[in-house]
Amino acid sequence: MKKSFSRWLLKVMGWKVGPEGEDVPKCVICVAPHTSNWDFIFGKLFYLAVGRDAKFLIKKDWFFFPFNLLFDWLGGVPVDRKKKTSVTDQMVEEFNRREKFQLAITPEGTRKAAQEWKKGFYYIANGAHVPIMIAYLDYGKKEIGIKGLFYPTGDVEEDICKIRSYYRGVTARHPERFVE
């Protein structure tokens, strides 16, 4: 029901479901470009349309009634910034304790133009020994899809360059805010 409704909704809004990629039980989903709040809505609809359930990070402070019900339903994973362990370590723990866990992260960390990507998504994947799924939102083609899986080698700078190269030619909702 969710799958067909999400596909229908995307179609009504003029969007195409692109390549679905391999469905792996655990991965960090690198979602780019991220220049608009609409990216979350379209991304969530895409993932539902392909029958998957992605989680996302949200401050633990937002997990209070009644918002906790909404964020839990949407797939929010509370992050406690007051803990002595880093967010990376907290997420590696999450990966270790779950059988299935797909965590969506926008590497830009903002909807504004970001010359440098935040590397947390990479460190989480590397620490948890899971692949990075390369997800894209192309507003030019009105297509959302998966470009493939990337397995971190441990060479952060080189790997980030390779991951960013997957997004060449992808048009953001606000192209001036996306730095390839």
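Let's start where two helices meet: Thr 88, Met 91, Val 92 and Phe 95 in α4 touch Gly 120, Tyr 123, Ile 124, Gly 127 and Ala 128 in α5, where contact means heavy atoms within 4.5 Å. By class, this contact of α4 with α5 has six nonpolar, three polar and no charged residues. Here Ala, Val, Leu, Ile, Met, Phe, Trp, Tyr, Cys and Pro count as nonpolar, Asp, Glu, Lys and Arg as charged, and the others, Gly among them, as polar.

A word on the ground rules: this is a predicted model, in which local features need pLDDT of at least 70 and side-chain atom pairs count only at pLDDT 80 or more, while totals for chains, interfaces and linings use all residues. Residues are numbered from 1 along each chain as its sequence is written, and side-chain values use heavy atoms, with hydrogens and water left out. The helix and strand labels follow DSSP runs, numbered from the N terminus (helices are H or I with at least four residues, strands are E with at least two).

Back to the helices. Two packed helices are described by the angle between their axes and the distance between the axes. Axes are lines fitted to C-alpha atoms, for helices over the stretch in contact, and angles run from 0 to 180 degrees between N-to-C directions. For α4 (residues 87-97) and α5, the angle is about 40° and the axes are 9 Å apart. That makes α4 oblique to α5; angles under 35 degrees count as roughly parallel, over 145 as roughly antiparallel, 65 to 115 as roughly perpendicular and the rest as oblique. The crossing of α4 and α5 is right-handed, a term used if the near helix is turned clockwise from the far one, and left-handed if anticlockwise, by less than a right angle.

Helix α5 (residues 120-128) also packs against α6 (residues 156-165), at an angle of about 110° and with the axes 11 Å apart. The two are therefore roughly perpendicular to each other. On the α5 side the contact is made by Phe 121, Tyr 122 and Tyr 123, and on the α6 side by Val 156, Asp 159, Ile 160 and Ile 163. These residues divide into six nonpolar, no polar and one charged.

Strands of a sheet pair through backbone hydrogen bonds, either parallel or antiparallel. Seven strands form an open sheet here, in the order β1-β7-β6-β2-β5-β3-β4, with mixed pairing; two strands pair if DSSP finds at least two bridges between them. At the edges stand β1 (16-17) and β4 (76-79), each with a single partner strand, so one side of each is left without a neighbour in the sheet. Strands β6 (residues 132-138) and β7 (residues 143-150) pair in the antiparallel sense over seven bridges, and Ile 132 has Phe 150 of β7 as its bridge partner. Helix α6 packs on the sheet, touching β2 (26-32), β6 and β7, and its direction makes about 150° with that of β7.

Elsewhere in the sheet, β3 runs parallel to β5 (residues 101-105), joined by two bridges, with Lys 55 opposite Leu 103 in β5. The pairing of β3 with β4 is also parallel, over four bridges, and here Leu 57 has Val 77 of β4 as its bridge partner.

Another helix pair remains to be visited: the axes of α1 (residues 2-12) and α2 come within 7 Å and cross at roughly 135°. That makes α1 oblique to α2, and α1 passes α2 in a left-handed crossing. Lys 2, Lys 3, Ser 6, Arg 7, Leu 9 and Leu 10 of α1 make the contact with Phe 42, Leu 45, Phe 46, Leu 48 and Ala 49 of α2. By class, that contact has seven nonpolar, one polar and three charged residues. In the loop between β2 and α2 you will find Pro 33, which is joined to Ala 32 by a cis peptide bond with omega of about -10°.

Finally, the salt bridges. The count comes to seven, where a salt bridge is a side-chain nitrogen of Lys or Arg within 4 Å of a carboxyl oxygen of Asp or Glu. One of them joins the side chains of Asp 23 and Arg 52, at 3.5 Å from N to O. Asp 23 lies in the loop between β1 and β2 and Arg 52 in the loop between α2 (38-49) and β3 (55-59), so the pair ties together parts that are 29 residues apart in sequence.
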